[in-house]
Amino acid sequence: EGLCRYLVGVLDKDTSTMSLHDASEVALNPTPILKLGSTEDKEADEESYQDKRARLIDSFGSKKQKRLSHLRESGKMKGAALETVLSQTRQHKEERNG
């Protein structure tokens with residue numbers, strides 16, 4: 001053994017006391033919390049993460065963070081509007097030609 005000894009502390013909530021146990025006596029078995037999903041699930045999670053982050057910035061962020069967040073959102077809206085205009089133009093062109 002080395003010069004270090006590892007201990008695990010166990011807190012008893014009733015008495016508010018902590019007991020220490022040698023870590024070699026404790027066996028930990030990791031259990032996965034999240035299930036692996038498809039890439040669509042990951043994209044949906046990422047979008048919700050971005051939405052949650054934007055809400056937090058709007059509530060608690062600095063002026064600079066809020067300004068950058070609003071610029072990001074306005075860029076998304078302009079991109080969506082541009083896509084709509086392009087698809088309408090494409091459909092109109094196809095109707096005239098076809």
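Modeller: Ground rule before we start: two strands count as paired if DSSP finds at least two bridges between them. Strands (E, at least two residues) and helices (H or I, at least four) are DSSP runs, numbered from the N terminus. This is a predicted model, where local features need pLDDT of at least 70, side-chain atom pairs count only at pLDDT 80 or more, and totals for chains, interfaces and linings use all residues. Residues are numbered from 1 along each chain as its sequence is written, and side-chain values use heavy atoms, with hydrogens and water left out.

Biologist: OK, how many bridges join β1 to β2?

Modeller: Six, and the two strands run antiparallel. For instance, valine 10 has serine 19 in β2 as its bridge partner.

Biologist: And how many residues sit between them in the hairpin?

Modeller: Four. Serine 16 is in that loop, between β1 (7-12) and β2 (17-22). Its phi is positive, about 55 degrees, although serine 16 is not a glycine.

Biologist: Is serine 16 buried or exposed?

Modeller: Exposed, at 61% relative accessible area. The cut-offs are under 20% for buried, over 50% for exposed and partly exposed in between, with a 1.4 Å probe and protein chains only.

Biologist: What about methionine 18, buried or exposed?

Modeller: Methionine 18, in strand β2, is exposed too, with a relative accessible area of 54%.

Biologist: Switching topic: where is serine 69?

Modeller: In helix α2, residues 63-97. Serine 69 is buried, with a relative accessible area of 4%.

Biologist: Which residues is serine 69 in contact with, leaving aside neighbours within four places in sequence?

Modeller: Ala54, Ile57 and Asp58, where contact means heavy atoms within 4.5 Å.
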